[in-house]
Structure formats: structure tokens, C-alpha cells
Amino acid sequence: MENLKKDDDLLVEESGTLDAKMERRSFLRYAGVGAAGVGMLAVAACKKHSDDSVTATAAIDVGGGDIGVLNYAYALEQLEAAFYIKVVASPYTGMTAAETQAFTDIRDHEILHREFLKAALGTSAIPSLGVNFSSIDFTSKAAVLAAAKGFEDTGVSAYNGVAYIMTNPAYLTLAGKIVSVEARHAAFIRDMISYGSFADTTVVDSTNALDLTRKPSQVLPIVAVYLTTSISANLLP
Amino acid sequence: MNIFSILEEIEKVDPEMNERFSPRRDAIKNLTSFGSKVALASLPFALGSLLNKAYGQTTVGDVNGTLNFALKLEYLESAFYNTAIATPGLIPAAELANFQIIAAHENAHVAFLKSVLGTAAVVQTTQGTNGTYDWTAGGTLPNYFATKDYATFLIVANAFEDTGVRAYKGQAPNVIGNQVVLTAALSIHSVEARHASHIRTVRRTLASSTSPKSWITGANDTGFAGIAANYAGEDNTSQGGVDLTTLINPTTNAKFTTTALTEAFDEPLTYAQVLPLVSPFGVK
């Protein structure tokens, strides 16, 4: 680990005019460091450069490459699962039986995504994240639906926006299997809020009818407000 | 998404030069041929059979073939919805605007794919009979447009959307690493999933029923046996080498229901699986 840390520092210093992320990623791959190691390395690097870094506190980094993408997905699924667990556990005023069933379905889908990714990632998985939903009024149907819509649309845009860096077709397919279910959730929630908004122009562009995409660097600030654990994706776009 | 930068990229496209699209992938491949092997060896996923799996007639890296396959499916969906919204008395007034949205999306997907493919694009009139489809699928379905049979129209729409989602998913590995094409394909893929979800909601509401749910439960939850093949494999309960039936739901402290296991993951279809599902309508 000490050697890796030194090399990493060296690499960071050298990469000023190059794509720092790519340089670090290639180094990490070459060194055969797993995602768990990546997180520690990122922390080490942060400490070393704490004077010029705004993320001096120890953030959990999701890592790079395909495993980084899957850990990023794992982080988002952890957040979604925690949200729907709370929705079902403390239903908003006037939740109907059909709505309870739908939210229980969605909760279980998200828990499954989380548990699957955790099992699949094995020792490469990032830790469980702490969540804070104090900004959401769970007694209010409108507030819960608005938050749900945000989580689902963000999730869809997140998968769509990062999949291109994946190099393993099996992992890409797995991401695809999950993202279309998230899109089904999103359309369902949107129709609950405003019937006919399942694919409106706020998420589907009006020229080419493509779903919105977001890079991890755009998604993480959106979800950070609900997380008490700081996460980063320094090796992803 | 910055649509303009994507369009700029697409303007530069020579579809034969797939690799031009994926500088990042090239960089990763070139820089990490050693490291990636190490990383793969350390992963717990069961990869072997998946990596060697053939993805139908379209092949990895065959960008034009993959996009033309998508275009053929979009031609079908586009004609289907354009016919529907031009058939008075088929779609109730309250739902018409929503099908106009869906039709506009499919039309936009056609235009988008044609613009990406340029001169390599398959011409619509090669499909069906001089571009006209057989909406009865060779007589296996009633003539729902002529009889203004809304319920049957919705079943076909339900199947088209779910099958479209499955088809795009199956094609994604063929354009892996291709930032522009893969991202666009996935962005169409999730729009089709939104359509599927809405149409399932329409069907549920029409039938005053709890099914079909907006997500796919098991193998063929449409209530129509004639399209069972469109849902073959959707009852899969094993993902990436993980047997989902062994997982415990920490919230209920019990195993997940089989229903939940199948709903949580949509399954892909290969080109070879999709073609027989759409060829009776005239897709070639």
C-alpha cells in the first residue's frame, strides 16, 4: 500500500497536462488494485493533498472502470431502497391499497437491485451508505411523489450517462436490465403526479426523443443532499 | 444531455469507422491490456458463458447492422402509432394526446437513426409490402384497426414496447464502448420502457384491474397467450451468477417473492429471438 500511495502521488503530479482520471485509472488497473483498494487510495491521496482539495474529509470513492460503474449504481440503489423502505414504513396521508402495493413492489425492486449489486460486487463493494431524508415530508403524498420522481429520473439518467465507459458486455447488460425497470418506475410515478407526463420534455428531448443523461459528476451533487456518507466518483466521468 | 455536441459528433460520423466513436474505449484497451485481465480474474461474477454468448445475427462492433435493426423496429412502431392516431374512434379522446406523444417519439427515433446511418439506412419501403405492414401478423390477430378494437390495440402496443425494450437491451453489447451510439441506444431504450409503463397503466385502468403492472411480472403477464414468446425468459431469477432466490430481504427478513425477483430485472432478447416476433408484421 505504501508503494502504491507513492506511485499514485507521483502520477498525480505528472498528469497536469493530461487526462488525470485516465492516467490514474490506467495505473490502478495496471497495479491490479481492486475497487476496495481504490477507495483507500483515493482517501490516501486526499489526505496527502488536503491543502488543495475541497474533499479533504474521507469520501468513499466508487472506483474506476466497470467496477466503479457498478459501485456507483450500488450507491444509487442503496439510496433508492432506503427511500422506498421509508415510504412503505410511514405511508403518506391517504395512501390507497393499490398505491401501497405499487410502492411495496418498487421498494422490493430497489432492495433487490441493492442486494444483487452487493452480492455481485463481493469484496469490491463500497460500504453501506448513511442516508438523511429529513428534507422530505413523508406524510405528504405530493412530497413523496416529487422525491420519488427525482430519484427515478436521476437513476435513469445516471445509468444512461455512464454505461459507455463499461468494457464488459455482461456488466453492461446487467445495467441495462436495471435501468429499464427504473424507467418503468419513473413513468409510473410521473403518471401518478400528472397523468400523461410519463415521458415529457423535461426528461425526453423533443428533437430526437432521447432520455436525458447525466454524468456521475452531475448526479452526485443531486443525491449528496440525501447522504450522510460522502461519496465521490473521481475515476468516472 | 448536450444534444448539440452529440449531433456534432454524429455529423462527423463515418459509420464504417466504429472505432472513431470510442476514443475512451481505445484508450482503456491500449493502456490496460494487462491490468484488465487482473481485474477480471478477481471478479466474483460468473462470466464465461456470457462473454462467449453470441448476440444474434448482429455482431459486436457491427454498428450499422445494429442501428439498422433498431431502425426497422422503429419503422414498425412509428407506422403502428401513426395508424392508430389516424384511426378515428380507436383511441378515446382522453388518451389521444398521450398516444400522439408516443407516436412523435417513435417518429423522432426513426429520423434520428436515419440521420446517424445516412446512406446506410435501410429504406422503409423494404419493410412489409412496399412499406405497408400487416397489423394482424398474418391473421393471428384480429383486425383491431378496422374494428376499432382498443383493448386489442393496447395489447399489441404493450407487446411492441416491451419487446422493443428487450431488443435494445440485447443489442447494447454490440455497440459497447461506443460513447455516442451506445448512449443514444440506451436513451431510446429507456424511453421505450417509459412508453411500456404508461401503456400498461392504460390497460390496467381500462380493465379496472391490478394487472398488468407497469413492470413485467414473470413470463407473459399481458393476459394474452398469443404473445407469450415476446416474454420468454422474463421469469429469470438468476442475474450475473447470483441466484436471486437465495437473497434475503433485510427489510422483511424473508426471501423475496418470485414476483419481485422477475419484476426487478428486465431481460434482453437477441436479434435471432426478436426477428420471428416482428416478421409476421412485415419486418425484414
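**Entry 1: a pair inside chain B**

I began with B:Glu234 and B:Arg166, and I noted that both are buried, where buried means under 20% relative accessible area, exposed means over 50%, and partly exposed lies in between (1.4 Å probe, protein chains only). The structure is a predicted model, in which local features need pLDDT of at least 70 and side-chain atom pairs count only at pLDDT 80 or more, while totals for chains, interfaces and linings use all residues. Residues are numbered from 1 along each chain as its sequence is written, chains are lettered from A and ligands numbered from 1 in the order in which they are written, and side-chain values use heavy atoms, with hydrogens and water left out.

I then looked up how the two side chains meet: B:Glu234 and B:Arg166 form a salt bridge at 3.3 Å, N to O, a salt bridge being a side-chain nitrogen of Lys or Arg within 4 Å of a carboxyl oxygen of Asp or Glu. B:Glu234 lies in the loop between H8 and strand S1 (238-239) of chain B and B:Arg166 in helix H7 (residues 150-171) of chain B, so the pair ties together parts that are 68 residues apart in sequence. For these element names I noted that helices (H or I, at least four residues) and strands (E, at least two) are DSSP runs, numbered from the N terminus. Elsewhere, I found that salt bridges with shared partners link A:Asp153, A:Arg190, A:Asp200, A:Asp211 and B:Arg194 into one network.

**Entry 2: salt bridges across the chains**

I counted 15 salt bridges over all chains, and 6 salt bridges between chain A and chain B. In one of them the side chains of B:Arg194 and A:Asp153 meet at 2.9 Å, N to O. B:Arg194 lies in helix H8 (residues 179-206) of chain B and A:Asp153 in helix H6 of chain A, so this pair joins two chains. Both B:Arg194 and A:Asp153 are buried.

I also checked B:Asp266, which forms a salt bridge with A:Arg184, with 2.9 Å between the closest N and O atoms. This pair joins two chains, because B:Asp266 lies in the loop between helix H9 (258-263) and helix H10 (271-278) of chain B, and A:Arg184 in helix H7 of chain A. B:Asp266 is buried, with a relative accessible area of 1%, and A:Arg184 is buried as well, at 0%.

**Entry 3: the contact between the chains**

How many residues of chain A are in contact with chain B? I found 71 residues of chain A in contact with 79 residues of chain B, contact meaning heavy atoms within 4.5 Å. The two chains bury about 6500 Å² between them, 68% of it on carbon and sulfur atoms. In chain A, the residues that lose the most area to chain B are A:Leu112, A:Tyr164 and A:Arg184, together 13% of what that side buries. Buried area here is the accessible area (1.4 Å probe) that two parts lose on being put together, summed over both.

I noted 25 residue pairs in polar contact between chain A and chain B, both residues at pLDDT 80 or more. The elements of chain A that give two or more residues to the side touching chain B are helix H2 (20-31), helix H4 (65-89), helix H5 (97-121), helix H6 (141-162) and helix H7 (169-193). The largest share of that side, 20 residues, comes from H7(A). A polar contact is a pair of N or O atoms within 3.5 Å; within protein, one must be able to donate a hydrogen and the other to accept it, and residues adjacent in sequence count only if both atoms are side-chain atoms.

**Entry 4: a lysine without a partner**

I looked up B:Lys72 in helix H5 of chain B, and noted that B:Lys72 is buried yet has no salt bridge, the nearest side chain of opposite charge, B:Asp62, being 10 Å away. For charge, Lys and Arg count as positive and Asp and Glu as negative, while His and the chain ends are not counted. Leaving aside neighbours within four places in sequence, the contacts of B:Lys72 include B:Tyr133 and B:Lys284.

**Entry 5: backbone angles**

Most residues other than glycine have a negative phi, and most peptide bonds are trans. I found a cis peptide bond joining B:Ser211 and B:Pro212, with omega about 0°, and B:Pro212 is in the loop between H8 and S1 of chain B. B:Ser208 lies in the loop between H8 and S1 of chain B, has a positive phi near 45°, and is exposed, with a relative accessible area of 70%.
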